[in-house]
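Work through the exercises below with the sequence and the model at hand. Each task is followed by a solution in steps.

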Amino acid sequence: MDIATTSAKKLMTDLGRAARSAAAELAFAPAESKRAALLSAAEAVWRERDAILRANAEDLRAAQSRDLSSAMIDRLTLDEARISGIADALRNVAEQKDPVGEVISEWDRPSGLHIRRVRTPLGVVGVIYESRPNVTADAGALCLKAGNAVILRGGSESLNSSRAIHACMVEGLRDAGLPEAAIQLVPTRDREVVTEMLHAIEWIDVIVPRGGKGLVGLVQREARVPVFAHLEGICHVYVDADADVEMARRIVLNAKTRRTGICGAAECLLIDREFHARHGAPMIEDLLRAGVDVRAEGPLSDIPGTVRATAEDFGKEFLDMVIATKLVDGVDGAISHIRRYGSQHTDAIVTANDATWQRFATRLDSAILMRNASTQFADGGEFGMGGEIGIATGKMHARGPVGAEQLTSFKYLVEGNGTLRP
C-alpha cells in the first residue's frame, strides 16, 4: 500500500469515527437545536458572503485556466443572488417539520401488542458531488435535519468555495451546541479519499453521488456502501396535439434555456405530428432565436438554422445550449421514445387533454412526470423541501428529490403488557 493510499485510509478513518460519534448524538438531538443550527448557519453564510465570493473567485480562476465547459463554470459560479439562495434554502430546511420520531403508521394486534413504525436517522451519509458549492450547504442541512452526520466530498474545482460555506455550517453547529463533526468536509483533493469513502462500510451507511454520468457510474461500480442512484438528467418535453401553442412555446424555452447546466434542463423536444401539421414548430424557432443549437431529425431538419441530428444526439445529456428534437406519432410515440432514451429523471407533457396526460403518467416510470410545466421545476426547493441532495432515479428507498424525509429509515416500536406468545 503506497503512502497516498495509507494517508487516505487514515483520513477516512478519522472522519468516519468522528461522524459515527456525532450521529449517535444527533439521533436524539432536540428538533429545536437542529433548527437553531441551521438558522445560525444561514446568518453566517450571508454575513460571510464577501469571503465566500473571494473563495469562489479563486476557484473560478483555476477552472477557467483548465478550460472547463460553460455548463461546469455556471454550476461553479456564485454571486450575491446565489448566496442569498443558499441562505434561504438553509432557513427553509430549518423551518420544516422535523422527520425524526414521526409516526408513519400504528396499529394494534389481537395479541395485545401495540405497534408503531417511526422515522429514524440513517446514521452517517457520504455525499460525493461535483462543482456546485451550494451542495455543501444543502446536503449538510438536510442530513442534519434528518438527524444524520454527513461527510462531504466536493469537487476539486470547488474546494475553496465549499470550505468557506462549510465554515458557516460548523459555526451554526457550534452556536447550537451540536457536535461540529455532524457536518464534515473532506479537506483534500486527493482522489484516493473517494475510493476510501466508497469502501467505508464501517463508517458510512449510504452514499449519495451528485454529478455527471462519469461520477455516478464510478460510484455505482466501486461502492461497497449502499448508493442512492442519481443518473443523468435526460429530460424530455413532449408537445401533444392538444397543446396550447403559446403555453408550449413558453414551457419549452424555459425548460431548455433558464439554466442549461442543471439536471432538470430539457435535453430533447418531442413534437406530435398532428401539432406540427397544424402549427408548425414555433418552439424550435424560439430556441434558435435564443441561441440554442437545435439538432433536428426528419422534417424538422428542414427548418433553417437547425442541424441534422445524429443517432448519438438522442439519449444525451448536453448540459449546454443544445437540444435534440423529432416528430412522434402521438403520445404513444413519445412514450416509446422516452422509454428508449430517457434516464427516468424528469419528463414533461404539454397537453389540454386529461386522458392523454393520464396515459403519459401511467405508462412512463420516470421519478418525476410533469404536465404543462417546465422541467426546470425538478428541484427539491421547488417541491417545498427547502433543498435536496439530488434527484434519485433508482427505485429503492428514495426516489425523486432527496430531502430530509428521504434521508430517514424507520424502526418498529412494539409495546405490550406482559404479552406472551402462545
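**Conventions.** This is a predicted model, in which local features need pLDDT of at least 70 and side-chain atom pairs count only at pLDDT 80 or more, while totals for chains, interfaces and linings use all residues. Residues are numbered from 1 along each chain as its sequence is written, and side-chain values use heavy atoms, with hydrogens and water left out.

**Exercise 1.** Determine the volume of the largest pocket and describe its lining.

*Solution.* 
Step 1. A pocket is an open set of points, on a 1 Å grid over the protein atoms alone, where a 1.4 Å probe fits and protein lies on both sides within 12 Å along at least five of seven lines; lining residues have an atom within 4 Å of a point. A volume is the space filled by probe spheres set on the points, which are joined across faces, edges and corners.
Step 2. The volume of the largest pocket is about 770 Å³.
Step 3. Its lining comprises 33 residues, and Asn134, Asp138, Arg258, Arg259 and Asp379 lie nearest the centre.
Step 4. Helices are DSSP runs of H or I with at least four residues, strands are runs of E with at least two, and both are numbered from the N terminus. At least two lining residues come from each of α4 (70-76), α5 (80-95) and α6 (134-145); α5 gives the most, with seven residues.
Step 5. The lining has nine nonpolar, 12 polar and 12 charged residues. In this scheme Ala, Val, Leu, Ile, Met, Phe, Trp, Tyr, Cys and Pro count as nonpolar, Asp, Glu, Lys and Arg as charged, and the others, Gly among them, as polar.
Step 6. Domain 1 (8-228 + 399-414) and domain 2 (235-383) each contribute at least three residues to this lining; the bounds come from an automatic or database domain assignment.

**Exercise 2.** Are arginine 295 and aspartate 313 buried or exposed?

*Solution.* 
Step 1. The two residues form a salt bridge, the closest N and O atoms being 2.8 Å apart. Arginine 295 lies in strand β9 (residues 293-296) and aspartate 313 in the loop between β10 (307-308) and β11, so the pair ties together parts that are 18 residues apart in sequence.
Step 2. Both arginine 295 and aspartate 313 are buried.
Step 3. Elsewhere, salt bridges with shared partners join Lys97, Glu102, Arg119 and Glu405 into one network.

**Exercise 3.** Check the span of α6 and describe its burial.

*Solution.* 
Step 1. The expected span of a helix is 1.5 Å times one less than its number of residues. The 12 residues of α6 should therefore span 16 Å, and its end C-alpha atoms are 17 Å apart, which agrees.
Step 2. Of the 12 residues of α6, 11 are buried, including Asp138 and Lys145.
Step 3. Glycine 147, with a positive phi near 80 degrees, follows α6.

**Exercise 4.** Characterise the positive phi values of leucine 319 and glutamine 344.

*Solution.* 
Step 1. Leucine 319, although not a glycine, has a positive phi of about 50 degrees. This leucine is in the loop between β10 and β11 and, at 16% relative accessibility, counts as buried.
Step 2. Glutamine 344 has a positive phi near 60 degrees. Its place is the loop between α13 and β12 (346-350), and it is partly exposed at 32%.

Key
Salt bridge = Lys/Arg side-chain N within 4 Å of Asp/Glu carboxyl O. Buried < 20%, exposed > 50% of the residue type's maximum accessible area, 1.4 Å probe, protein only.
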